[in-house]
Amino acid sequence: MEKNFYITLFISVLLAGCAGRQPEPVSAYYFGDENKSCETLKKEIGDIQKRMLAILPKTDKTVLNTLWTLGGTVISYTPTPAATAAGFVPYLFVDMKDAERIEYNALARRHNRLLLIAQSKSCDMNDIRAEPIPTINEKAAEDKKSK
Amino acid sequence: MRRVRKIIIVLCVFAGHIVPILFAGCSARPEKMIPPDFDVSGKIHGSVKLTEVVGGHESNPFPLWTSQVGSIDFTKALAYSLARAGIFDSVVRKGKSDYILDVTILSSDRPLLGLEISITMKTNWMLTDTKTLIPVWSETFDTTYNAKVTDAVLPAEKSRFAYEGVVRDNIEEGIKRLSAFANTR
C-alpha cells in the first residue's frame, strides 16, 4: 500500500506542470481565402469572433497556477509525512502550455487577415464588428498606454 | 522504514521547491536573440509589416519551472534583426506595407535538468503580398541549439541561454531562407 503511494508520488513529481493541452494555432491564411465570397468571409469572421470570446476568459492562467502552486506549498509544509508528500499533487494541475492564449492570438491574426480580404473586396460589413482585434499582448500594451 | 520515508520526503521537498528555484526567474532576453551576422544574398523591394509572433509562452510567476520564450521578445528580436539584415526596404509594426510577415512557433521543447540542454524549435514563416493578400512564400523549419556545460552554472541560466540560442538560430535561418527566396524572384 505504502509502496504504491510512493510510486504514485514519484510519478506526480515527474509530471508536475504537465496539465493543459497542446495549443493548435490556426494559420493566418488558408488556401482559397482570397476567393471567398463576402457572405462566406462575414460568416467566418463572425465565427472567429465568437470563438475568441469563448476562449478569452481562459487565456490568463496566472491566478489558477498561483493557487495550485501555493496549495502544493502549504500542504507539503504541513508537518505530517503524508501531507508533505501529497503536497506535490497540486503541481500536476499547473498549466504551463498556454494553449488558449496561443490559439487566441492566432485567431486574432486570422481574423485581421480575413478582414483585410473583405475590405479589399469592398464587402458590406455593417452587421458585424469589422475592426482589427489586437493580440493579448497588444491589448495589454494599449491598456497600459491609455492609463 | 522510517529512514527511507524521511529520505523520500527530503527528495520530494527538493524536487518540488528547490529545483523550481534553480530554474526560476529567467525569461529569455530579446537582445541576446539577435544573430551577430546575416547571410543575405538577395533583397526584397518594399516594406514589411511584422505581426506579433504567435506561439510564445509568456512568463508565469508560478511555478517557474523553466525559462520561456515570450512572443513579445521573439517579435522584438525579429523586428530588429530584419531591420539590421536589410532584406526589406523598411520594417514596420503598424500601418500600411508591401508585405506582411507572420511567424508561428509550432513547437519548442521544454528542457529537462541536465549538464547540457538541447532545445529544438519548429517555426513557420509566411510572407504575404498585401496587394493580393496571398502568401508568396511560406516555409516550416526547425533549429536546434545546445547549451553546453560551460555556458552557465545554474540550470535556470543554462535554460535561458538555450532558449536565446535557439531563437537566434531560428531567426538567422529564417532570414537566410527569405533571402534565398528573394533570389528566385
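1. Burial and make-up of chain B. In this predicted model, buried residues account for 51% of the 185 residues of chain B. The chain contains three helices and five strands, and these follow one another along the sequence in the pattern α-β-α-β-β-β-β-α. Where contacts in chain B join residues at least 6 apart in sequence, 74% of them link residues at least 24 apart.

2. Burial and make-up of chain A. Of the 147 residues of chain A, 44% are counted as buried. Chain A has six helices and zero strands, which gives the pattern α-α-α-α-α-α when read along the sequence. Among its contacts between residues at least 6 apart in sequence, 80% connect residues at least 24 apart.

3. Helix H2 of chain B. Just after H2(B), B:Gly86 adopts a positive phi of about 70 degrees.

4. Packing of H2 against H3 in chain B. The axes of helix H2 (residues 71-85) and helix H3 (residues 155-184) of chain B come within 11 Å and cross at roughly 40 degrees. The crossing of H2(B) and H3(B) is right-handed. On the H2(B) side the contact is made by B:Phe74, B:Ala77, B:Leu78, B:Ser81, B:Leu82 and B:Ala85, and on the H3(B) side by B:Val167, B:Asn170, B:Ile171, B:Ile175 and B:Leu178. Sorted by class, this contact has nine nonpolar, two polar and no charged residues.

5. Packing of H2 against H5 in chain A. Helix H2 (residues 38-55) and helix H5 (residues 99-120) of chain A pack at an angle of about 160 degrees, and their axes are 10 Å apart. The angle is over 145 degrees, so H2(A) is roughly antiparallel to H5(A). H2(A) passes H5(A) in a left-handed crossing. H2(A) contributes A:Leu41, A:Glu44, A:Ile45, A:Ile48, A:Gln49, A:Arg51, A:Met52 and A:Ile55 to the contact, while H5(A) contributes A:Glu100, A:Glu103, A:Tyr104, A:Leu107, A:Ala108, A:Arg110, A:His111, A:Leu114, A:Leu115, A:Ile117 and A:Ala118. By class, the contact of H2(A) with H5(A) has twelve nonpolar, two polar and five charged residues.

6. A buried lysine in chain A. A:Lys42 lies in helix H2 of chain A. Its relative accessibility is 13%, and A:Lys42 therefore counts as buried, the limit being under 20%. Leaving aside residues up to four places away in sequence, A:Lys42 touches A:Asp124, A:Met125, A:Asp127 and A:Ile128.

7. A loop glycine in chain A. A:Gly20 sits in the loop between helix H1 (2-15) and H2 of chain A. With a relative accessible area of 43%, A:Gly20 is partly exposed. When residues up to four places away in sequence are not counted, A:Gly20 touches A:Asp95 and A:Lys97. A:Gly20 and A:Phe31 are eleven residues apart along the chain, and their C-alpha atoms are separated by 30 Å.

8. Positive phi outside glycine. A:Ser122 has a positive phi of about 55 degrees although it is not a glycine. A:Ser122 belongs to the loop between H5 and H6 of chain A, and at 65% relative accessibility it counts as exposed. In chain B, phi of B:Leu133 is near 60 degrees, again a positive value in a residue other than glycine. B:Leu133 is located in the loop between E4 and strand E5 (134-147). Is B:Leu133 buried or exposed? At 6% relative accessibility, B:Leu133 counts as buried.

Notes: Residues are numbered from 1 along each chain as its sequence is written. Chains are lettered from A and ligands numbered from 1 in the order in which they are written. This is a predicted model: local features need pLDDT of at least 70, side-chain atom pairs count only at pLDDT 80 or more; totals for chains, interfaces and linings use all residues. Side-chain values use heavy atoms; hydrogens and water are left out. Axes are lines fitted to C-alpha atoms, for helices over the stretch in contact, and angles run from 0 to 180 degrees between N-to-C directions. Helices (H or I, at least four residues) and strands (E, at least two) are DSSP runs, numbered from the N terminus. A crossing is left-handed if the near helix is turned anticlockwise from the far one by less than a right angle, and right-handed if clockwise. Contact means heavy atoms within 4.5 Å. Ala, Val, Leu, Ile, Met, Phe, Trp, Tyr, Cys and Pro count as nonpolar, Asp, Glu, Lys and Arg as charged, and the others, Gly among them, as polar. Angles under 35 degrees count as roughly parallel, over 145 as roughly antiparallel, 65 to 115 as roughly perpendicular and the rest as oblique. Buried means under 20% relative accessible area, exposed over 50%, partly exposed in between (1.4 Å probe, protein chains only).
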